[in-house]
Every structure is written in C-alpha cells, then in structure tokens.
Amino acid sequence: LDAIAAMAARRVGKFKPRELSSMGWAFATAGHAAPALLDAIAAEVAPRVGELDAQTLASTAWVFAKAGHAAPALFDVIAAETAPRVGEFNAQGLANIAWSFAATNTLSSAALMGVFGHDFGRRCDQLAEIYSEDEMSQLHQWWLWYALERGQAAGLPSFDLLQRCRLIFSETSARQSQLQRQVGRTLASLELRPREEVLTDEGYSLDYVVEWRGQQVAIEVDGPSHFLGRKPNGATMLKRRQLRHLGWHLVPIPYWEWNELANAHTKEVAKNRKLDTPGAVMTLPERRS
C-alpha cells in the first residue's frame, strides 16, 4: 500500500475529485496511514470541491477526519461549499459532515456559523427517523463538540433528537478485549480497585476508572483499531480530546506499550518501583499522551 500511495500522490492531477475521495476512503477504511497522499489529495481537491455532489463532499471530509489528518484549508472550502447545500445531504452525509468537523476540531467561523446554522438543525430534524445508530452516535459527538467544546447554541436540532442520539451513543458498547482484561487484572493486583465500563454523564464509556492520589483517573486501553500505524486515528483523538475537555484525567494505554511492559515482566518492575506510579502499567497523573 505504501508504494501505491506514493505513486498516487505524484499523479493526483490525473484523477477526478470524486476518484480522489474514493482513493482516500480506501486508505482510511483500511487503517493505513498515507499522510503524503492525503496532503496531495487535499491540495488537488480544495479548488475543485464544487465538482462534488453532497455525499462525496461529506465522505471527503470523513476521510481526513477518520485518518486524524489535519487539512484546514480543505475544510474551509468544504464549509463554504456545504453551507448553502445542507438540504442536499442525506442522513449519512449529514452525520458524516458533522462528525468530521467535530473530529478535526475545525474552528473557522465558516464552519461554526455557516455550516451549522438553522438550516442544519432543521435538516437534522427532517431526517430524524432515518438515521442509523452509528449516525446518531456521530451526531451526539458533534453536539458535544459544537455545544460543549465550542459553546455554540444556534442551529441545534430538536431536544428530542439530541436526547435520542445521546441514548444510542451511551448504549453502544464494544466487547471487552483480552488486552483490556489483562490491564484490568493488573490494576486489581496493584490494589487500585478499578471500576470497569464506567458511563459518563455525556454518554462516554470508560474502560477503567481508578482513584490515584485523590483523583479519579480514566484509563483507556487502546488496541490496534485505534491507530494508523502508531498515530491515533480520528475517532481516538476525538474521544481523548472530549474526555479531557469534560474534566477527566485520562491515561491511554496503547497496545504496543502494554506488550512491551508484559515482556519486561510487569509485576517485578512494579514491585521494584514500590507503586510510586501504578507499577509498570502507566504513570499517573503525569502522563498525557
């Protein structure tokens, strides 16, 4: 895939914007990092976004958000193109465009006041009976960004729809992985009394919560699906950012760090360090990666 990405990055001018969007989608859904290709796609598509239909416009934004790849100039023109065309988006496209701006934390006035004005809220309500559960979860994370992170109130969907989105989001739970169970057992062996799958008021589920030096600390065990290579993907970056904004002290445990600790005989290392940190598992509360 690296060779394909390198070749495609040199030839982006030979593709139509829709084809470039599809190419980026393929890499994003495969979980394969291709930063040079995405930079080339952004530069090529930005002046040509008017050629995209509404759904491809949304999927283009989603590609960059999913990859956690910053493209502020592209998002500015996507915002300007989206604002007058909100009524053209179907449920999936509307949820994708909202989630993409939230995940990338796009701050331009065009995004906040243009895309997400009263027309956006009305269009959300028009499609209220069509959204899938995934799309409703996306809208909830958008609301957390728009209303709580950015402090905006104009153009919100109805209270009923927002409540339904929160409920669906809070009921969505991933199966506990073997890696997560290993971390939980280690936390328990260190007498940290971990609480698992703790639900926040905003609907996020935390893998574990422990008390450390008088603080409530959230521990997130992140497996390979949370990364592109060793870089957090957009969904992981969004969750981490929002939890910290909501006041949580957050300690992520990437899978490769845990594996390295396991290979180094975690229990012996923990004993030697006398729990000045929670053993060899993590550093609290200093760690903020």
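The model is predicted, so local features need pLDDT of at least 70 and side-chain atom pairs count only at pLDDT 80 or more, while totals for chains, interfaces and linings use all residues. Residues are numbered from 1 along each chain as its sequence is written, and side-chain values use heavy atoms, with hydrogens and water left out.

**Exercise 1. Strands**

Work out how strand β6 is placed and which residues of β3 it pairs with.

Solution. 
- Step 1: find the strand. β6 covers residues 249–254; strands (E, at least two residues) and helices (H or I, at least four) are DSSP runs, numbered from the N terminus.
- Step 2: check burial, where buried means under 20% relative accessible area, exposed over 50%, and partly exposed in between (1.4 Å probe, protein chains only). Six of the six residues of β6 are buried, so the strand is largely enclosed by the rest of the structure.
- Step 3: look at both faces. His 249, Val 251 and Ile 253 point one way, Leu 250, Pro 252 and Pro 254 the other, and all are buried.
- Step 4: find the partner, remembering that two strands pair if DSSP finds at least two bridges between them. Strand β3 (residues 215–222) runs parallel to β6, with six bridges joining them. Val 221 has Ile 253 as its bridge partner, and Ile 219 stands opposite Val 251.
- Step 5: follow β3 to β2. Five bridges join β3 to strand β2 (residues 205–212), and these two run antiparallel. Val 209 is partnered by Ala 218. In the hairpin of β2 and β3, two residues lie between the strands, and Arg 213 takes a positive phi near 50°.

**Exercise 2. A helix and its ends**

Solution. 
- Step 1: check the cover. In α6, 12 of the 14 residues are buried, among them Trp 99 and Phe 101.
- Step 2: look at the ends. At the start, a side-chain oxygen of Asn 90 comes within 3.3 Å of the backbone nitrogen of Gln 92. After the helix comes Asn 105, with a positive phi near 55°.

**Exercise 3. Two single residues**

Decide whether Ser 170 and Met 113 are buried or exposed.

Solution. 
- Step 1: Ser 170 belongs to helix α10 (residues 159–171). Its relative accessibility is 16%, so Ser 170 counts as buried.
- Step 2: the side chain of Ser 170 reaches the backbone oxygen of Leu 167 at 2.9 Å.
- Step 3: Met 113 lies in helix α7 (residues 109–115). With a relative accessible area of 53%, Met 113 is exposed.
- Step 4: Met 113 and Ala 83 are 30 residues apart in sequence and 9.0 Å apart in space, C-alpha to C-alpha.

Conventions. A polar contact is a pair of N or O atoms within 3.5 Å; within protein, one must be able to donate a hydrogen and the other to accept it, and residues adjacent in sequence count only if both atoms are side-chain atoms.
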